[in-house]
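Me: I've got a fold open on my screen and would like to talk it through. Can you take my questions one at a time?

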Amino acid sequence: MSTGEQAAIARARALGVLHGAAIGDRLVVRAHHGDGAQDALGDLVARTPDTVTIATRRGPVEVRLDDVVAAKPVPQPPAPRAPRR
């Protein structure tokens, strides 16, 4: 299997994850932008036919579906630890 075929399969899986995810699901999405890539980790807060919006720690990130190369669900972060004494 060629690298291009593997990338196409990964992209198809990622788009399937994004289309099947419910608003509020926690996801990580990788998208290519020009020469680099951007990861968005957080809760899915909006979806249009062309974009998804992920609420990250830095604020909302809108990702064009045309730019998506990978996506997967991730578990919720662990609860904060109690302060040490």
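This is a predicted model: local features need pLDDT of at least 70, side-chain atom pairs count only at pLDDT 80 or more; totals for chains, interfaces and linings use all residues.

Me: Then which residue is the bridge partner of Arg47 in β3?

Reply: β2 and β3 pair in the antiparallel sense, over four bridges. They make a hairpin with three residues between them. Within β3, the residue bridged to Arg47 is Val52.

Me: And on the other pairing of β3, with β4, which residue does Ala55 stand opposite?

Reply: β3 and β4, the latter covering residues 59-64, are antiparallel too, with six bridges. The hairpin that joins them runs through two residues.

Me: How many of the six residues of β3 are buried?

Reply: The cut-off for buried is under 20% relative accessible area. β3 spans residues 51-56 and is mostly covered. The count of buried residues in β3 is five.

Me: What is the order of the five strands in the sheet?

Reply: The sheet is open and its pairing is antiparallel. β4 and β5 each have a single partner strand, so one side of each has no neighbour in the sheet and these two stand at the edges. Going across, the order is β4-β3-β2-β1-β5.

Me: How much does the twist average from one strand to the next?

Reply: Here the angle is taken between N-to-C directions of fitted axes. From each strand to the next, the average twist is 40°.

Me: What angle does the direction of α1 make with that of β5?

Reply: α1 packs on the sheet, where it touches β1, β2, β3 and β5. Its direction and that of β5 make an angle of about 50°.

Me: Which residues touch the most other members of the largest nonpolar core?

Reply: That core has 16 residues. The members touching the most others are Leu18, Leu27, Val29, Val63 and Val68.

Me: Is Gly34 buried or exposed?

Reply: Gly34 sits in the loop between β1 (26-33) and β2 (36-47). The cut-off for exposed is over 50% relative accessible area. Gly34 has 79%, so the label is exposed.

Me: What distance separates the C-alpha atoms of Lys72 and Val17?

Reply: Lys72 belongs to strand β5, residues 68-73. Not counting residues up to four places away in sequence, it touches Val17, Arg26, Leu27 and Val28. Its C-alpha atom is 22 Å from that of Gly34, which is 38 residues apart from Lys72 along the chain. For Lys72 and Val17, 55 residues apart along the chain, the C-alpha separation is 6.3 Å.

Me: Which element has the highest mean pLDDT?

Reply: The protein chain averages a pLDDT of 92, and 100% of the residues score at least 70. Helix α1 (residues 3-20) has the lowest mean among the elements, 91. The element with the highest, at 97, is β3.

Terms used
Residues are numbered from 1 along each chain as its sequence is written. Side-chain values use heavy atoms; hydrogens and water are left out. Buried means under 20% relative accessible area, exposed over 50%, partly exposed in between (1.4 Å probe, protein chains only). Contact means heavy atoms within 4.5 Å. Two strands pair if DSSP finds at least two bridges between them. pLDDT is the predictor's confidence in each residue, from 0 to 100. A nonpolar core is a set of buried Ala, Val, Leu, Ile, Met, Phe, Trp, Tyr and Cys residues joined through side-chain atoms within 4.5 Å. Axes are lines fitted to C-alpha atoms, for helices over the stretch in contact, and angles run from 0 to 180 degrees between N-to-C directions.
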